[in-house]
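Please look through the sequence and the model shown here before reading on. The paragraphs that follow lead through the fold step by step.

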Amino acid sequence: QVQLVESGGGLVQVGTSLRLSCAASGRTFSSYAMGWFRQAPGKEREFVATISWSGRDTVYADSVKGRFTISRDNGKNTVYLQMNSLKPEHTAVYYCAAGAFSRRRSDFGSWGQGTQVTVSS
């Protein structure tokens, strides 16, 4: 397993951008696909995006396609989520996870503690 620590969340205004980072410990980071999920108050944790171990393949939830971009730097053991044109409905705790190249939570075995993103109008 890898240990994951997210950062970059905060309180932002509608229409602005934010980049989340997730730093992984361990030498096996590049062997994992990585994912971002989010959980809004009163809702289940949902899939946002995933990226293959090489970074060549990505998949997005329809709700963020064209607005969010997932990327990774295996040399820095870090995965990113660039979020543009933020809206209040993007308010949630965002989690990164390590596992398989998948949309399913059950396919990810390691999770970070989450970072809060709040979009204010």
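Which residues form a disulfide with sulfur atoms 1.9 Å apart? They are Cys-22 and Cys-96. A disulfide is counted here when a pair of cysteine sulfur atoms lies within 2.5 Å. In general, a disulfide is a covalent bond between the sulfur atoms of two cysteines. The structure holds one disulfide.

Some ground rules come before the rest. This is a predicted model, in which local features need pLDDT of at least 70 and side-chain atom pairs count only at pLDDT 80 or more, while totals for chains, interfaces and linings use all residues. Residues are numbered from 1 along each chain as its sequence is written, and side-chain values use heavy atoms, with hydrogens and water left out.

The torsion about the S-S bond of Cys-22 and Cys-96 is about 40°, so this disulfide is right-handed. Cys-22 lies in strand β3 (residues 18-24) and Cys-96 in strand β9, so the pair ties together parts that are 74 residues apart in sequence. Strands (E, at least two residues) and helices (H or I, at least four) are DSSP runs, numbered from the N terminus. Cys-22 is buried at 0% relative accessibility, and Cys-96 is buried with a relative accessible area of 0%. Buried means under 20% relative accessible area, exposed means over 50%, and partly exposed is in between (1.4 Å probe, protein chains only).

Next come the sheets. An open sheet of four strands has the order β1-β3-β8-β7, with antiparallel pairing. Two strands pair if DSSP finds at least two bridges between them. The edge strands of this sheet are β1 (4-7) and β7, each of which pairs on one side only. From one strand to the next, the twist averages 15°; axes are lines fitted to C-alpha atoms, for helices over the stretch in contact, and angles run from 0 to 180 degrees between N-to-C directions. Strands β1 and β3 run antiparallel and are joined by four bridges, and Val-5 stands opposite Ala-23 in β3.

Strand β5 (residues 46-51) has partners of its own. It pairs with strand β4 (residues 33-39) in the antiparallel sense over five bridges, and Thr-50 in β5 is the bridge partner of Gly-35. The hairpin of β4 and β5 has six residues between the strands, and there Gly-42 takes a positive phi near 75°. Three bridges join β5 to strand β6 (residues 58-60), and these two strands run antiparallel. Thr-58 in β6 is the bridge partner of Ile-51. The hairpin of β5 and β6 also has six residues between the strands, and Gly-55 takes a positive phi near 90°. Five of the six residues of β5 are buried, so the strand is mostly covered.

What lies between the strands in the interior? In soluble globular proteins, nonpolar side chains tend to be buried together. The largest nonpolar core has 33 residues, of which Trp-36, Val-79, Leu-81, Met-83 and Tyr-94 touch the most other members. Such a core is a set of buried Ala, Val, Leu, Ile, Met, Phe, Trp, Tyr and Cys residues joined through side-chain atoms within 4.5 Å. Strands β3, β4, β5, β7, β8, β9 and β11 (115-120) each supply at least two residues of this core, and β9 gives the most, with five residues. Rings of Phe, Tyr and Trp (its six-membered ring) pair if their centres lie within 6.5 Å; planes under 30 degrees apart count as stacked, over 60 as edge-to-face and the rest as tilted. By this rule there are four aromatic pairs. The rings of Phe-37 and Trp-111 have their centres 5.0 Å apart and their planes at 55°, so the pair is tilted. Phe-37 is in strand β4 and Trp-111 in strand β10 (residues 108-111), 74 residues apart. Phe-37 is buried, at 0% relative accessible area, whereas Trp-111 is partly exposed, at 27%. Phe-108 and Trp-111 form an edge-to-face pair, 6.3 Å centre to centre with 65° between the planes. One aromatic cluster is formed by Phe-37, Phe-47, Phe-108 and Trp-111.

Some loop residues complete the tour. Asn-77, in the loop between β7 (68-73) and β8 (78-83), has a positive phi near 55°. Ser-85, in the loop between β8 and β9 (92-99), has a positive phi near 50°.
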